[in-house]
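Trainee: I would like to learn how to read the features of a model like this one. Please take them in turn, with the general idea before the case.

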Amino acid sequence: MNTAALRTLIRSRLVAGPSHARSFASSSRFNAASKGKQVKGAKKEIDTEAMTIQDAAAILRAVEIASPSSAYEITITTKFTRGQAVPRGKISLPKDARAKAETVLVFASGKSVAAAKDAGAHYVGGEELIPQILESKIQPTKVICTPTLLPIVQQKLGKFLGPKGLMPAEKRGTVTLSVGPAVKQAQGTMNWKSDRLGVIRAPVARIGWTVDDVVTNVKAFVSAVKEGTSSDGADAAIGKKKHKDQGSDY
């Protein structure tokens, strides 16, 4: 995958829905998503070409002061050739930005059951959990499975969990005998994946956080995406443009 550029867009999205979103974008700095648009109550236009992460976060925080639980959403646009796998990966952000904690379900038997429960898994069991998942009585956000139970899970839940991105897989570390560490990792790890156009979106911070926390999470997420795309041969360009861009915030 040859990445011509990675452009980031940070958005303050209200829990109520995207119609109330506030957004800023940039290549190496955060710029206003809509040039010339004024922040409510401001007397002059925002300089869309010279907005740092700190400036964007501070303005969004002022605009959304009544909604401290709103999320900053980062969008990274990549370019890749047709036929190649879309970029994907996972990251444990310095500070968890998700509105809700993960609901971890573990398919296990024997000693692994106790290990999963001790680690904090919400649901632990075997084949008896499958009907509840199919009927949406249990709605996990992360699914872990021991190798012995994987065949039955694949057979009965493959078409259900697969499209949701929840099917356990060894390469993701969700098919394992070490269920305790896997549960701990699942609770603090956020998956990211681009759409078919190469656009990656994820919540990276909350309005009520300090600007320093926002900046730290943004840089961590961008670094993770750069590393993830580079592993596929990408030329991640954030902060590494061929021309001079040494003043990058990244």
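Mentor: Start with a contact between charges: the side chains of Glu127 and Lys156 meet in a salt bridge, with 2.7 Å from N to O. A salt bridge here is a side-chain nitrogen of Lys or Arg within 4 Å of a carboxyl oxygen of Asp or Glu. The pair links distant parts of the chain, 29 residues apart: Glu127 is in the loop between strand 7 (123–125) and helix 3, and Lys156 is in helix 4 (residues 150–161). Helices (H or I, at least four residues) and strands (E, at least two) are DSSP runs, numbered from the N terminus. This is a predicted model, in which local features need pLDDT of at least 70 and side-chain atom pairs count only at pLDDT 80 or more, while totals for chains, interfaces and linings use all residues. Residues are numbered from 1 along each chain as its sequence is written, and side-chain values use heavy atoms, with hydrogens and water left out.

Trainee: How many salt bridges does a search of the whole structure find?

Mentor: The search finds five. One of them joins Asp213 and Lys95, whose side chains meet at 3.3 Å, N to O. Asp213 lies in helix 6 and Lys95 in the loop between strand 5 (88–91) and strand 6 (104–107), so this pair ties together parts that are 118 residues apart in sequence.

Trainee: What about Lys142 and Glu102, whose side chains meet in a salt bridge?

Mentor: Their N to O distance is 3.6 Å. Lys142 lies in strand 8 and Glu102 in the loop between strand 5 and strand 6, so the pair ties together parts that are 40 residues apart in sequence. Lys142 is buried, and so is Glu102.

Trainee: How should I read contacts between rings?

Mentor: A pair of aromatic rings is described by the distance of the centres and the angle of the planes. Rings of Phe, Tyr and Trp (its six-membered ring) pair if their centres lie within 6.5 Å; planes under 30 degrees apart count as stacked, over 60 as edge-to-face and the rest as tilted. By this rule the count comes to one aromatic pair. Trp192 and Phe221 form it, edge-to-face, at 6.5 Å centre to centre and 65° between the planes. The pair links distant parts of the chain, 29 residues apart, with Trp192 in strand 9 and Phe221 in helix 6 (residues 211–230). Both Trp192 and Phe221 are buried.

Trainee: Which residues form the positive surface patch?

Mentor: Patches are made of residues with over 30% relative accessible area and no salt bridge; like charges are joined within 9 Å, and nonpolar side chains (Val, Leu, Ile, Met, Phe, Trp, Tyr) within 5 Å. Lys and Arg count as positive and Asp and Glu as negative, while His and the chain ends are not counted. The place of a charge is taken as NZ of Lys, CZ of Arg, CG of Asp or CD of Glu. Accessible areas come from the Shrake-Rupley method with a 1.4 Å probe, and for residues only the protein chains shown count as cover. Here the positive patch consists of Arg88, Lys90, Lys171, Arg172 and Lys193. Lys193 lies in strand 9 (residues 190–193) and counts as partly exposed at 47% relative accessibility.

Trainee: What should I look for in the backbone angles?

Mentor: Most residues other than glycine have a negative phi. Ser136 has a positive phi of about 60° although it is not a glycine. Ser136 lies in the loop between helix 3 (130–134) and strand 8 (142–145) and is partly exposed, with a relative accessible area of 36%.

Trainee: Where is Val211, and how many residues separate it from Ala58 in sequence?

Mentor: Val211 is in helix 6. Val211 and Ala58 are 153 residues apart in sequence and 6.7 Å apart in space, C-alpha to C-alpha. Val214 is also found in helix 6, and Val214 is buried, with a relative accessible area of 0%.

Key
Buried < 20%, exposed > 50% of the residue type's maximum accessible area, 1.4 Å probe, protein only.
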